Amino acid sequence: MSDKKVRFYVSTSMHGSLETETFLLKADLNIEFDILTPEQLEKEITEAYDEWLANNIDSGWSIEREVTE
């Protein structure tokens, strides 16, 4: 079985914040790249990346106490 690798990554400007993970398109992501158009392939990879990103980023916001000057 022929397969291709794709590497997902995300980083901030902070040193050491790079997160990467490599996947096989068919075996890991179940993307049949050899029967898709380039546009369909891009859509499939983007969807897989968005899911990966959502599972690997912890972010949010909170309201702090009021600061008086």
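Colleague: Why is glutamate 47 called partly exposed?
Modeller: Glutamate 47 has a relative accessible area of 41%. Buried means under 20%, exposed over 50% and partly exposed in between, with a 1.4 Å probe and protein chains only, so glutamate 47 counts as partly exposed. This is a predicted model, in which local features need pLDDT of at least 70 and side-chain atom pairs count only at pLDDT 80 or more, while totals for chains, interfaces and linings use all residues. Residues are numbered from 1 along each chain as its sequence is written, and side-chain values use heavy atoms, with hydrogens and water left out.

Colleague: What makes lysine 43 and glutamate 47 a salt bridge?
Modeller: Their closest N and O atoms are 2.8 Å apart. A salt bridge needs a side-chain nitrogen of Lys or Arg within 4 Å of a carboxyl oxygen of Asp or Glu, so the pair qualifies. The two residues are four apart in helix α1, which means about one helical turn separates them; helices are DSSP runs of H or I, at least four residues, and strands are runs of E, at least two, numbered from the N terminus.

Colleague: How many salt bridges does a search of the whole structure find?
Modeller: Three. Aspartate 34 pairs with lysine 26 at 3.0 Å, N to O, and lysine 26 also pairs with glutamate 32, at 4.0 Å.

Colleague: Is lysine 26 buried or exposed?
Modeller: Lysine 26 is buried, because its relative accessible area is 14%.
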